[in-house]
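User: Please take a close look at one helix pair in this model. Then go on to a few single residues.

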Amino acid sequence: HRLFVYLINERKLDREVIEVFVHEKLLYESREFSKNGREYNSAVFVGVDEHGTARHCHKKALGTRRFCMNAEGSNSAYSFNWTGDSEKVYVFEAPIDLMSYICLHFENWKEHSYVALCGLSEYAMLKILETHPNLTTVILCLDNDHAGIAASERMSDRLQRLGYKDVSYDRSELKDWNEDLCATKE
């Protein structure tokens with residue numbers, strides 16, 4: 001319940017998008033206790049490998065508590081992702097930005113592939129390209145800030161050296177895709 005309340009009310013994500021990821025077991029709510037016994041809840045974004053096996057968990061605190069982290073033992077090459085059948089893959093810094101982008105570009109979204117790096121490391125992008133050879137068009141959708149722009153340029157150079165010719169950018173108007181989504185809903 002808290003997961004839906006947070007993602008819909010605070011992050012302005014569409015219920016239908018959330019339900020798809022929950023149904024596919026790529027998103028769930030965890031309830032844990034800190035060392036001092038305080039309960040806290042997190043959204044857990046699950047990354048799966050090419051066989052559908054969970055290999056990565058990214059936790060984002062629900063509510064006012066501010067933290068996000070990758071669960072211990074997570075393999076960053078398999079962070080939160082969705083794979084479709086088209087040749088396009090969209091690359092994001094964070095799972096919530098990935099889902100925000102889908103909400104903003106809803107039509108036929110399931111046809112395409114998406115990956116959240118859970119930071120600015122390119123491991124997950126390179127792994128999804130390696131395991132899905134049909135992906136030939138890479139759209140870098142990193143944050144519209146100094147770090148995101150610099151990482152996009154670095155990744156674009158790396159991809160071109162690896163032989164990818166169709167690499168482009170799609171930048172949010174504001175700092176990130178969730179800020180854009182929230183602005184459209186106000």
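Analyst: Helices here are DSSP runs of H or I, at least four residues, and strands are runs of E, at least two, numbered from the N terminus. The model is predicted: local features need pLDDT of at least 70, side-chain atom pairs count only at pLDDT 80 or more, and totals for chains, interfaces and linings use all residues. Residues are numbered from 1 along each chain as its sequence is written, and side-chain values use heavy atoms, leaving out hydrogens and water.

The axes of α1 (residues 2-10) and α2 (residues 15-23) come within 10 Å and cross at roughly 140 degrees. That makes α1 oblique to α2, because angles under 35 degrees count as roughly parallel, over 145 as roughly antiparallel, 65 to 115 as roughly perpendicular and the rest as oblique. Axes are lines fitted to C-alpha atoms, for helices over the stretch in contact, with angles from 0 to 180 degrees between N-to-C directions. From α1, Leu3, Phe4, Leu7 and Ile8 meet Arg15, Ile18, Glu19 and Val22 of α2. Contact means heavy atoms within 4.5 Å.

Next, strand β1 (residues 27-33). Phe33 sits in this strand. Beyond four places in sequence, Phe33 touches Arg38, Glu39 and Tyr40. Phe33 and Val5 lie 20 Å apart in space, C-alpha to C-alpha, and 28 residues apart in sequence.

Last, Glu93. The loop between β6 (88-92) and α3 (95-104) holds Glu93. Contacts of Glu93 beyond four places in sequence include Leu117, Cys118, Asp143 and Gly148.
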